[in-house]
Every structure is written in C-alpha cells, then in structure tokens.
Amino acid sequence: MGRYVQLVMGPAGSGKSTYCATMMTHCQNIGRSVHLFNLDPAAEKFEYNPTIDIRDLITLEDVMEELQYGPNGGLIYCLEFLLNNMDWLEDELGEYEDDYLIIDCPGQIELYTHFPIMRRICECLQRMHFRICGVYLLESQFIQDNSKFFAGVMSAMSAMVSLEIPHINVLSKMDLLGKFKKRELERRAQIIVSYTCILS
Ligand SMILES: Nc1nc2c(ncn2[C@@H]2O[C@H](COP(=O)(O)OP(=O)(O)O)[C@@H](O)[C@H]2O)c(=O)[nH]1
Ligand SMILES: [Mg+2]
C-alpha cells in the first residue's frame, strides 16, 4: 500500500487532537492500520495512545526546567533537538511497508510559517518514502470576522507555501455555526479555494 502521512497542523485549540482521534476511530472502523504520532512535546493526554511520541525523546517541561526557557523557546528547542536526532525517529518508524501515520503537531503557527523546522521534518519523512499531505485546521467561527478570516487564510497559505506538500484546509467546529453562518462560510470558503488555485 505504501507509506502515508497526514501532517495535522493549525493554531492552538483549532481541534487538531480531536481531528486525529476522529480520524483514528474512522480508520480503525474501516479496517485500516494507522498510527498516531505525537509531535507536540507539551501535549498532556490523548484519546489514543501515540505509537510514536516526541515526549519519549524530550519534553517541554524538562527543557523549561533545565534550560530556563519559556514555552515558545522551549518548543523550538525540542523540535530542533528532534532534527538533530532524526535517527531516533527513523528507528521509531521502522521498516513496515504499510505505515499510515497521523501526526498531531504543536499549535504554534510560527513553526510552519517562520522556522524551517517542519519543512525539514517533512524532507526527512520524504527521504523515508512517506507520501505526505498537510491538513491545516482553522476554526470555522474564527473566520467569520474579516480580519480573523484573512489572518487564518494567510497563515494556512504560508504553511502551504513553506512546506511545499499537498495541502488541505479543514474548517473545524462546524457544529457551532447556525444555518445562516454556514451559508456565509461556504461563500468565504470559495474565496480560500480561489486563492489556493491562484497560488498553486
Ligand atoms: N464543538 C466542537 N468542539 C470541538 C471540535 N473539535 C474540537 N473541539 C473542542 O475544542 C477544544 C480544543 O480541541 P483540541 O483537539 O484539543 O485542539 P488542538 O489544540 O488543536 O489539539 C477541545 O475542548 C475540543 O473538545 C468540534 O468539531 N466541535
Ligand atoms: Mg492538541
């Protein structure tokens, strides 16, 4: 079947971990073998235990305590530490032919937009013959307001352009919108699709 990865990105609280758990349940129900990979060194609990967990390599808590870093600097340190220890990741990924990974990423969007860290992780996975798709979550409520809408669209596009992998935007928490708002959102979603087409 090949080796596939969904890289689940988006701002903090956008629903990444919930999406990953829902996707795990769905894949298990249809008989697909999937693994959850936690890439968030600050994560606390999961519905499914991750098969691969960056916290087995390094935790944000330890970095903040030992190096006296703040949460953002500590997170960057953890991911750079992973980049310098990619052999750990290669060992964890093993040699299975039919791996399907769902990667639950941290919520700091500067990881996708400002720093080359996620790009380098993607390059490493591609070297290991994984086919990667970026799944970028944005809260549907968040984009009802014009300025938040553009901020969200721009951050999603920035991630798409910097990672250079196939990219899907997902609007989360649609259950929290009324009928009228859903219609308004469909109109705006068409704008996102148009922007994406112009750039790709
Ligand atoms: N109503 C609603 N709440 C959701 C949905 N997805 C996530 N949430 C809630 O949003 C909060 C943040 O979700 P989480 O998956 O932890 O976000 P993450 O920080 O991006 O991993 C949690 O309280 C979830 O229960 C959804 O589709 N609908
Ligand atoms: Mg999460």
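Which residues surround ligand 1?

1. Ligand 1 has Pro11, Ala12, Gly13, Ser14, Gly15, Lys16, Ser17, Thr18, Lys173, Asp175 and Leu176 around it, where near means a heavy atom within 4 Å. Before the rest, the ground rules: this is a predicted model, with local features needing pLDDT of at least 70 and side-chain atom pairs pLDDT 80 or more, while totals for chains, interfaces and linings use all residues. Residues are numbered from 1 along each chain as written, chains are lettered from A and ligands numbered from 1 in the order written, and side-chain values use heavy atoms, without hydrogens and water.

2. By class, that shell holds three nonpolar, five polar and three charged residues. Here Ala, Val, Leu, Ile, Met, Phe, Trp, Tyr, Cys and Pro are nonpolar, Asp, Glu, Lys and Arg charged, and the others, Gly among them, polar.

3. Now the close N/O distances. An oxygen atom of ligand 1 sits 2.9 Å from a polar backbone atom of Gly13, and an oxygen is 3.3 Å from one of Ser14. In the side chain of Ser17, an N or O atom is 2.9 Å from a ligand oxygen. The protein buries 57% of the 580 Å² that ligand 1 exposes when taken alone (Shrake-Rupley, 1.4 Å probe).

4. Leu39 is among the residues with the most contacts inside the largest nonpolar core, which has 40 residues. Such a core is a set of buried Ala, Val, Leu, Ile, Met, Phe, Trp, Tyr and Cys residues joined through side-chain atoms within 4.5 Å; buried means under 20% relative accessible area, exposed over 50%, partly exposed in between (1.4 Å probe, protein chains only).

5. On the aromatic side, the whole structure gives five pairs (ring centres within 6.5 Å; planes under 30 degrees apart are stacked, over 60 edge-to-face, the rest tilted). Tyr69 and Tyr77 are edge-to-face because their planes stand at 80 degrees, with centres 5.7 Å apart. Tyr77 also pairs with Phe81, stacked at 6.4 Å and 20 degrees.

Technical notes. Polar contact = N/O pair within 3.5 Å; in protein donor to acceptor, adjacent residues only side chain to side chain. Phe/Tyr/Trp six-rings, centres within 6.5 Å; stacked < 30°, edge-to-face > 60°.
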